[in-house]
Amino acid sequence: MKVLILGGDGYLGWPTALYFSGRGHQVTVVDNYFRRNASMELDCEPLLPTPNLVQRAGIWGEATGRRIEVFIGDITNYEFLLSVFRRSEPETVIHYAEQPSAPYSMINRDKAAFTVQNNLISTLNIVYAVKEIVPDCHIIKLGTMGEYGTPNIDIEEGWIEIAYNGRKDKFLFPRQAGSLYHTTKIQDTDLLWFYIRTWGLRATDLMQGPVYGIFTDETRTDDRLTPNFHYDEVFGTVLNRFIVQALAGYPLTVYGRGGQTRGYLNLMDTMQCVYLAATKPAGQGELRIFNQVTEVFSVNELAEKVQAVGSKLGYDVKIDNIENPRKEEEEHYYNPKYTGLIELGLKPHYLTDDVLEDMFRAVEKYKDNINVNAIFKGIKWVR
Ligand code: USQ
């Protein structure tokens with residue numbers, strides 16, 4: 001399969017490239033180094049410095065004999081994106097090229113505007129490029145569970161049938177996000193659905209929860225291939241942050257009461273899910289939606305797990321319920337469905353003590369790199 005991965009330098013994009021390449025597919029990656037540049041600007045670089053995308057593709061090529069083609073550029077530039085599509089003629093395009101951070105989108109007006117512009121125009125450009133160059137191409141877009149917010153009813157996988165005044169119809173599940181970033185993902189889904197209805201394209205929208213983990217099978221062998229691992233407030237997801245905090249002797253930053261509940265998954269399961277979606281694609285004219293999570297936890301439960309495993313390993317891990325910089329429910333109902341990907345063949349890697357211990361051991365090696373100033377900056381939703 002010819003696969004085009006947009007955002008191929010990212011925490012998810014890079015290991016996805018290796019996952020497909022390692023299985024013999026022809027992979028092209030594109031990135032504009034937004035996250036590298038923004039993390040330099042905000043002094044929150046990843047735990048391990050990673051070679052740039054061209055260098056990493058070279059390291060992978062030497063180790064495996066498999067070639068990953070790299071383009072550095074911005075896909076909100078339509079001419080650039082078209083040239084990549086013409087050159088790679090993808091059968092599957094995977095869209096990770098969004099500004100992915102909720103806190104980043106809440107820093108100020110400029111960063112909010114960047115998030116809107118980047119996320120919506122990139123999605124629009126992909127839709128146009130597919131229509132123009134490869135109309136059969138399957139679009140896989142990373143959505144987010146955050147599109148649904150935390151409704152007081154069960155969350156379906158993307159669609160809900162509504163009976164009203166004696167009639168029935170199927171709609172996208174109601175969505176009400178908790179940050180500007182998450183709101184742009186709702187708008188993305190709507191854009192995609194509009195063009196699927198209008199032009200008959202096909203897409204899978206993967207509503208993913210926060211991801212944790214450092215390695216995948218392909219990246220374990222060489223540190224230089226490690227996905228960028230962020231633990232800072234802007235780009236780090238909560239469990240990755242807690243592991244680093246535990247090792248740095250920094251009390252775990254539970255926001256507010258800590259009853260915020262989300263669906264989580266291991267980085268290795270993101271690879272599996274995206275691969276399953278690509279190899280078992282949506283039909284023409286279909287917007288297929290999966291909830292991409294494997295387990296549900298509250299922030300308190302995650303903190304307690306990290307504390308327990310940390311103390312087993314000899315660390316004195318403290319938990320601190322700090323004032324919540326975000327505006328979100330801290331105690332709420334949360335019951336998402338997530339059976340679609342299991343039915344497609346997903347074999348989850350659950351969050352066991354062994355998995356946590358493995359993460360502790362991996363981060364421990366780079367403990368001296370931890371920049372304590374990056375852990376908490378207090379980006380507030382309401383100022
Ligand atoms: N949280 C804490 N303490 C922290 C960091 C986070 O209590 O130090 C809480 C947050 O308030 C939130 C939960 O943990 O309630 C998850 O936060 P997160 O930073 O791990 O995740 P989030 O900002 O929602 O965003 C991440 C990814 C994003 C993806 C999303 C999936 O960065 O790209 O879309 O997870 S979801 O959360 O399901 O919307």
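Arg-257 is exposed at 51% relative accessibility, where exposed means over 50% relative accessible area, buried under 20%, and partly exposed in between (1.4 Å probe, protein chains only). I start with this residue and its partner. This is a predicted model, in which local features need pLDDT of at least 70 and side-chain atom pairs count only at pLDDT 80 or more, while totals for chains, interfaces and linings use all residues. Residues are numbered from 1 along each chain as its sequence is written, and side-chain values use heavy atoms, with hydrogens and water left out.

Back to Arg-257. Its side chain meets that of Glu-330 in a salt bridge, 3.7 Å from N to O; the term covers a side-chain nitrogen of Lys or Arg within 4 Å of a carboxyl oxygen of Asp or Glu. The two residues belong to distant parts of the chain, 73 residues apart: Glu-330 sits in the loop between strand E14 (319-322) and helix H11 (340-344), and Arg-257 in the loop between E10 and strand E11 (261-266). Helices (H or I, at least four residues) and strands (E, at least two) are DSSP runs, numbered from the N terminus.

Another pair is Lys-185 and Glu-98, whose side chains meet at 3.9 Å, N to O.

Next, the ligand. Which residues come nearest to the ligand? Of the 21 residues around it, they are Pro-100, Thr-144, Tyr-181, Thr-253 and Glu-328, where a residue is near a molecule or strand if one of its heavy atoms lies within 4 Å of it.

A backbone N or O atom of Pro-100 is 2.8 Å from a ligand oxygen atom. Val-238 also has a backbone N or O atom 2.8 Å from an oxygen atom of the ligand. In Thr-144, a polar side-chain atom is 2.8 Å from a ligand oxygen atom. The ligand exposes 730 Å² when taken alone, and the protein buries 93% of that. These areas come from the Shrake-Rupley method with a 1.4 Å probe; for residues, only the protein chains shown count as cover.

Which elements supply the shell around the ligand? Helix H7 (180-199), helix H8 (238-248) and strand E10 (252-255) each supply at least two residues, and E10 gives the most, with 3 residues.

Last, the surface. Ile-162, Tyr-164 and Phe-171 make a nonpolar patch of about 320 Å². Patches consist of residues with over 30% relative accessible area and no salt bridge, with like charges joined within 9 Å and nonpolar side chains (Val, Leu, Ile, Met, Phe, Trp, Tyr) within 5 Å. Phe-171 lies in strand E7 (residues 167-172) and is partly exposed, with a relative accessible area of 39%.

Conventions:
Polar contact = N/O pair within 3.5 Å; in protein donor to acceptor, adjacent residues only side chain to side chain.
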